Amino acid sequence: MPFAPGHPTWQAARLALGTASALGLARFAYGLLLPAMRADLHWSLGEAGAMNTANGLGYLLGALVTAAVVRRFGTAATFRWGMVLVAVALAATAVSESYPALLAARTVAGAAGAAVFVTGGVIASRLAARAASGTPVTVYFAGAGLGIAVSGVTIPLVADHWRLAWAGLGLAAAVAALVSWTAANVSGKEPPAETGRARVRPLLGVALAYLLFATGYITYITFLSAYLAEHHASTGQVVLTWAALGLAVVAAPALWSRPTATWPGTRALAVLLGALACGAALPLVAPAPPVILASAVVYGATFMGVPAAVTTLIRSATPPDGWTATLSAFTIVFAAGQTVGPWLAGLVADHTSTGATVAWTATLCAAAALIAMASGQGPRSASANRHRRQPG
């Protein structure tokens, strides 16, 4: 049974609390609190975007040092203590209204989140190898949807009290750290694989597509609540939109596990990016509540499939001793994109409207889809066959 205790997929489901915390709570929930914080603290859209840019910068710094930290402390310990640090940073965000202090807390949350993201991806990749299935990888990344759904249902009800909301997020992240603690092990000892070098050159096209995706996707979810507020959405509509988005992320493995694992080359990545661009563009066609809801569902069903597809490509194109270093390198690329994305989109939106953030996501993800499509088969086929023959 896939979700029986001890099965790799069940272990990946507990491990998925890492993406639920590091992404769903520490990054994406900020979009829900942005309108209240912006009104209370008198921020411009540029300043609001810079807050997520700080989180992205922390993510970049964390990605730069994760491989070294893993070599020193091991994959499991880095994941576990990264989870603890995420919880502490979220709770600290509730303490002060000082802009520099909030920037610092968001930076720390980003750095810890990167460590969790990379090491969790490595552990999920080992689980996938053991299970001879790509499902553990897609399940791990789908955990972000749980964080989004929980945030989407609860935060709008207390959003005017944003300090209380951040304290609640810190508590939820602490619970996630506790529950996921034992899921960080694949075997009794750390494999001798953490000193391998990054192998990015065979996947340069994928890396460029990933950069554009990271620069684009983050703006949609950062400014979604601001976009809804500009269109006078009710609290009920905000809750429904975010809950639908999060549940779509949770359901995504059912849609994408098989294509991600079996489609040749970059086909799955290109389709995911193309669908994401179309979903993000829907509100530009008609900003009516049903259309925005459909957009959120399509966005949720695709955006966390992109890092899952990239992780699968890395796992297929590199030997196990290069997984941590290569995932770290791609996370650096990812972090660089999402560091500048919200700030630049916020500046554009300040001179136009929040609709510009939706167009930003659609345009960059469409460009990323074209690049992924042009990257073609790459080195995956032979490498994938090699790794699939490895005993699980």
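Predicted model: local features only at pLDDT ≥ 70, side-chain atom pairs only at ≥ 80, totals over all residues.
**Exercise 1. Determine how helices H11 and H15 are oriented relative to each other.**

Step 1. Locate the helices: H11 covers residues 267-285 and H15 covers residues 355-375.
Step 2. Take the axes, which come within 8 Å and cross at roughly 160 degrees.
Step 3. Angles over 145 degrees count as roughly antiparallel, and H11 and H15 are therefore roughly antiparallel to each other.

**Exercise 2. Describe the residues through which H11 and H15 meet.**

Step 1. On the H11 side, the contacting residues include Leu 269, Leu 273, Leu 276, Ala 280 and Leu 284.
Step 2. On the H15 side, they include Val 358, Ala 362, Cys 365, Ala 369 and Met 373.
Step 3. Sort the contact by class: 18 residues are nonpolar, three are polar and none is charged.

**Exercise 3. Decide whether Ser 328 is buried or exposed, and list its contacts.**

Step 1. Ser 328 belongs to helix H14, residues 323-351.
Step 2. Its relative accessible area is 3%; buried means under 20%, so Ser 328 is buried.
Step 3. Apart from neighbours within four places in sequence, Ser 328 contacts Ala 63, Thr 66, Ala 67 and Val 118.

**Exercise 4. Characterise His 42 and His 232 by phi, location and accessibility.**

Step 1. His 42, not a glycine, has a positive phi of about 60 degrees. For His 232, also not a glycine, phi is positive and near 60 degrees.
Step 2. His 42 sits in the loop between H3 (30-41) and H4 (45-73). His 232 sits in the loop between H9 (204-230) and H10 (235-262).
Step 3. Exposed means over 50% relative accessible area. His 42, at 68%, is therefore exposed, and His 232, at 73%, is exposed.

Note on methods: Residues numbered from 1 in each chain as written. Heavy atoms only, no water. Axes fitted to C-alpha atoms, helices over the stretch in contact; angles between N-to-C directions. Helix = DSSP H or I, 4+ residues; strand = E, 2+ residues; numbered from the N terminus. Parallel < 35°, antiparallel > 145°, perpendicular 65-115°, else oblique. Contact = heavy atoms within 4.5 Å. Nonpolar A, V, L, I, M, F, W, Y, C, P; charged D, E, K, R; others polar. Buried < 20%, exposed > 50% of the residue type's maximum accessible area, 1.4 Å probe, protein only.
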